[in-house]
Amino acid sequence: MIMDKIALLLAIVGGLNWGSIGIFGFDVVAFLFGGQNSAMSRVIYTLVGLGAIWCISLLFRENDPVEERT
């Protein structure tokens, strides 16, 4: 369940970054970490991509985590 939250957080960060690129033409990750080709930016982009891939699994799960607690 913690992995789901981390993946969702990463997907949200990616979505907000893409929104800022689309609306303002400004890449926040590249700005904060030294350009699109810097090692740190590439790590962030990779983590966001992996988080989004993990979030795909959320669409196909049958069990609701809230029901498991009761």
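1. Asp4 counts as buried, because its relative accessibility is 13% and the cut-off for buried is under 20%. The model discussed in this note is a predicted one.

2. What does the side chain of Asp4 meet in a salt bridge? The partner is Arg61, and the distance from N to O is 2.6 Å. The two residues come from distant parts of the chain: Asp4 sits in helix α1, Arg61 lies in the loop between α3 and α4 (65-69), and 57 residues separate them. Side chains of opposite charge can pair when their charged atoms come close.

3. How many salt bridges does a search of the whole structure find? The search finds one. Arg61 has a relative accessibility of 39%, so Arg61 counts as partly exposed. The salt bridge of Asp4 and Arg61 thus joins a residue that counts as buried to a residue that counts as partly exposed.

4. The next point is the packing of two helices. Helix α1 covers residues 2-24 and helix α3 covers residues 39-59. They pack at an angle of about 120 degrees, and their axes are 7 Å apart. That angle makes α1 oblique to α3. The crossing of α1 and α3 is left-handed.

5. Which residues make the contact between α1 and α3? On the α1 side they are Met3, Asp4, Ala7, Leu8, Leu10, Ala11, Gly14 and Asn17. On the α3 side they are Tyr45, Leu47, Val48, Gly51, Trp54, Cys55 and Leu58. By type, the residues of this contact divide into 11 nonpolar, three polar and one charged.

6. Is Ala7 buried or exposed? Ala7 is buried, because its relative accessible area is 4%. Leaving aside residues up to four places away in sequence, Ala7 touches Gly51, Trp54 and Cys55. Ala7 and Ile53 are 46 residues apart along the chain, with their C-alpha atoms separated by 8.4 Å.

7. Ser20 is another residue of helix α1. Ser20 has a relative accessible area of 11%, so Ser20 is buried. With residues up to four places away in sequence left out, Ser20 touches Gly25, Phe26 and Val28.

8. Ala30 belongs to helix α2, which covers residues 28-33. At 12% relative accessibility, Ala30 counts as buried. What does Ala30 touch, not counting residues up to four places away in sequence? The residues are Gly35, Gln36, Ser41 and Tyr45. Ala30 and Asn17 are 13 residues apart in sequence, and from C-alpha to C-alpha they are 9.6 Å apart in space.

9. Ala52 is in helix α3. Ala52 counts as partly exposed, because its relative accessibility is 36%. Along the chain, Ala52 and Gln36 are 16 residues apart, and their C-alpha atoms are separated by 19 Å.

10. Asn63 is placed in the loop between α3 and α4. Is Asn63 buried or exposed? Its relative accessibility is 55%, so Asn63 counts as exposed.

Note on methods. Residues are numbered from 1 along each chain as its sequence is written. This is a predicted model: local features need pLDDT of at least 70, side-chain atom pairs count only at pLDDT 80 or more; totals for chains, interfaces and linings use all residues. Side-chain values use heavy atoms; hydrogens and water are left out. Axes are lines fitted to C-alpha atoms, for helices over the stretch in contact, and angles run from 0 to 180 degrees between N-to-C directions. Helices (H or I, at least four residues) and strands (E, at least two) are DSSP runs, numbered from the N terminus. Angles under 35 degrees count as roughly parallel, over 145 as roughly antiparallel, 65 to 115 as roughly perpendicular and the rest as oblique. A crossing is left-handed if the near helix is turned anticlockwise from the far one by less than a right angle, and right-handed if clockwise. Contact means heavy atoms within 4.5 Å. Ala, Val, Leu, Ile, Met, Phe, Trp, Tyr, Cys and Pro count as nonpolar, Asp, Glu, Lys and Arg as charged, and the others, Gly among them, as polar. A salt bridge is a side-chain nitrogen of Lys or Arg within 4 Å of a carboxyl oxygen of Asp or Glu. Buried means under 20% relative accessible area, exposed over 50%, partly exposed in between (1.4 Å probe, protein chains only).
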